[in-house]
Amino acid sequence: MFSVCMIVKNEEKFIKKCISSVLMFTDDIVVVDTGSTDRTKEIASELNVKLFDFIWIEDFSAARNFAASHARYDWVLVIDADEELVEIDVDAIKQFMQCIKNTGMVSLFEVCETPYLNQVIRFYNRKNCMYVNRIHEQLKLIDRTYSSPESKKIPIMFNHYGYSKEIVQSQNKIERNEKMLLEEIKLYPNDPMLYYYLGKTYSAWSKDFHKASAAYEKALVLSPNLGLTYTQNLIIEYGYSLINSGRYADALTLKKHMEALENNPYYRFMMAQVLQNNAQFIEAVDLFESCIGDPTPDFMGVTSYLSYYNIGVIFECVGMNDEAREYYQNCGDFEPAKKRLSII
C-alpha cells in the first residue's frame with residue numbers, strides 16, 4: 001500500500017476532484033495546508049483525508065517532507081490539488097514497490113494554452129529519498145551524496161489544470177515563481193533545472209521569449225545529457241522560444257540534436273517549424289510528414305492535424321493550392337484549416 005501526499009493553498013476549485021480521483025487506490029491521503037483563505041480545508045475535511053496545517057516559509061521541499069512525515073506508509077505518491085489521477089496500473093505499481101530504491105516517473109498532461117505531456121518523479125520511498133530546493137523541488141537520495149536517484153517510468157498519469165492562463169494569473173504564480181527561482185539560483189548557480197524552470201516561467205506565463213531563451217540556453221550548457229527527458233523538453237521549448245522571439249537562424253543550431261532525438265516527434269515537429277521559418281520548405285515538409293501517424297501518445301495534434309496543417313501552409317505559400325487543399329482537408333474540424341479552405 002502507498003500513501004498520497006499533497007500540499008495545498010486556496011485550491012477550492014480543484015481539490016474535491018483531485019482527492020476523489022485517488023480515494024479508491026489508497027486508504028491514506030495526507031493533505032497539508034499552507035495558509036488557505038478559501039474553502040479548501042473545509043472541502044478536504046469532508047473527505048477521507050488527514051489534514052494538517054503548515055506555516056508557509058517559502059520552501060516547497062519543507063512542506064513536501066512535512067507531508068511525507070505524516071504518511072502511514074513508506075511509499076508516497078505526490079499529487080497536487082490542481083491535478084487529477086486519470087490512469088494507474090495497480091498491479092504494476094505493487095511490483096515496482098518490491099525494491100525500496102525505486103523511484104517512479106509519472107506522466108503529467110499539462111492542460112493549458114499549449115498542451116504537452118511531461119514526465120516527473122512523483123513516486124518514492126521516504127526511507128530512500130527526500131525533497132530539496134525551495135521551489136521546483138527535486139527528490140534526492142538520503143545518503144551522504146544527496147545525488148539524484150535513478151527513476152523508471154511507471155503507469156500513472158495525471159491531468160494538470162493549474163497552468164492555464166486564468167489560474168496562473170489569479171494566483172500570482174508568475175511573480176512568485178520568478179522571485180523564488182532567482183533567489184534559488186543565487187544559492188545554486190550551476191543547477192540546470194532552476195534555469196529550465198525559469199525559462200518555463202518566462203515562456204509559458206509572461207511570454208517574455210528573449211528572457212526565456214537566455215534561461216534555456218544556460219540550462220542546456222549545464223545539462224547536455226540528451227538521455228534525460230527534461231533535457232529533451234528543454235531543447236524543444238528552447239526552440240519555440242527562439243522562434244517566438246524571431247531568432248529563426250539561431251534556432252537552426254538545434255538541428256545538431258537530430259540524431260539523438262530523431263525518435264521524438266515533438267522535437268521533429270519543432271525543428272520542422274524552425275526550417276519552415278527559415279524558408280527551408282522541402283526539409284520542413286519531410287519532417288512534418290515524419291510526425292504524421294507516429295505511435296507516440298499525442299495530446300496536441302502534432303502527429304495528426306497540426307502537421308497536416310503546416311504542410312498545407314507551406315504548399316499554399318509556394319502557390320501549390322491543390323496540394324494545400326488536400327492537406328487542409330485532412331485536418332478535420334481544425335478551425336484554421338477550415339478558414340484556409342474557404343479562402344483558397
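Predicted model: local features only at pLDDT ≥ 70, side-chain atom pairs only at ≥ 80, totals over all residues.
Q: Let's start with α7. How many residues has it, and what does it span from first C-alpha to last?
A: Helix α7 covers residues 192–206, which is 15 residues. It reaches 20 Å from its first C-alpha to its last. That is close to the 21 Å expected at 1.5 Å a residue.

Q: Is α7 largely enclosed or exposed, and why?
A: Largely enclosed by the rest of the structure, because 13 of the 15 residues of α7 are buried.

Q: What happens at the start of α7?
A: A side-chain oxygen of Asp 191 comes to within 3.0 Å of the backbone nitrogen of Met 193.

Q: And just after α7?
A: Lys 207 takes a positive phi there, about 60°.

Q: Switching to packing. Which residues have the most contacts inside the largest nonpolar core?
A: Tyr 124, Ile 235 and Met 270. That core has 68 residues.

Q: Which helix gives the most to this core?
A: Helix α12, residues 265–277, with eight residues.

Q: What does Ile 235 touch?
A: Leaving out residues up to four places away in sequence, Ile 235 touches Leu 220, Leu 226, Leu 254, His 257, Leu 261, Tyr 267 and Met 270.

Q: What is in the second core?
A: The second core is separate and has 29 residues. Among them are Met 6, Ala 44, Phe 96 and Phe 123.

Q: OK, charges. Where is Asp 33?
A: In strand β2, residues 29–33.

Q: Buried or exposed?
A: Asp 33 is buried, yet it has no salt bridge. The nearest side chain of opposite charge is Lys 41, 5.1 Å away.

Q: Then what does the Asp 33 side chain reach?
A: The backbone nitrogen of Gly 35, at 2.9 Å.

Q: Which residues is Asp 33 in contact with, leaving aside neighbours within four places?
A: Val 8, Lys 9, Thr 40, Lys 41, Phe 52, Asp 53 and Phe 54.

Q: Lys 41 again. What does Asp 53 form with Lys 41?
A: A salt bridge, with the closest N and O atoms 2.8 Å apart. Asp 53 is in strand β3 (residues 50–53) and Lys 41 in helix α2 (residues 40–45). The two are 12 residues apart, and the pair links distant parts of the chain.

Q: How do Asp 53 and Lys 41 count on accessibility?
A: Asp 53 counts as exposed, at 53% relative accessibility. Lys 41 counts as partly exposed, at 29%.

Q: How many salt bridges does the count come to?
A: The count comes to 19.

Q: What does Arg 72 pair with?
A: Asp 27, in a salt bridge whose closest N and O atoms are 3.2 Å apart. Arg 72 lies in the loop between α3 and β4, and Asp 27 in the loop between α1 and β2, so the pair ties together parts that are 45 residues apart in sequence. Arg 72 is partly exposed, at 46% relative accessibility. Asp 27 is partly exposed too, at 36%.

Q: How far apart are the closest N and O atoms of Glu 316 and Arg 340?
A: 2.3 Å, in a salt bridge. Glu 316 lies in helix α14 and Arg 340 in helix α16, so this pair ties together parts 24 residues apart in sequence.

Q: Is Glu 316 buried or exposed?
A: Glu 316 counts as buried, at 18% relative accessibility. Arg 340 counts as partly exposed, at 22%.

Q: Last one. Which residues are linked in a network of salt bridges?
A: Arg 64, Asp 80, Glu 83, Arg 122 and Glu 137.

Methods:
Residues numbered from 1 in each chain as written. Heavy atoms only, no water. Helix = DSSP H or I, 4+ residues; strand = E, 2+ residues; numbered from the N terminus. Expected span 1.5 Å × (residues − 1). Buried < 20%, exposed > 50% of the residue type's maximum accessible area, 1.4 Å probe, protein only. Polar contact = N/O pair within 3.5 Å; in protein donor to acceptor, adjacent residues only side chain to side chain. Core = buried A, V, L, I, M, F, W, Y, C linked by side-chain atoms within 4.5 Å. Contact = heavy atoms within 4.5 Å. Lys, Arg positive; Asp, Glu negative; His and termini not counted. Salt bridge = Lys/Arg side-chain N within 4 Å of Asp/Glu carboxyl O.
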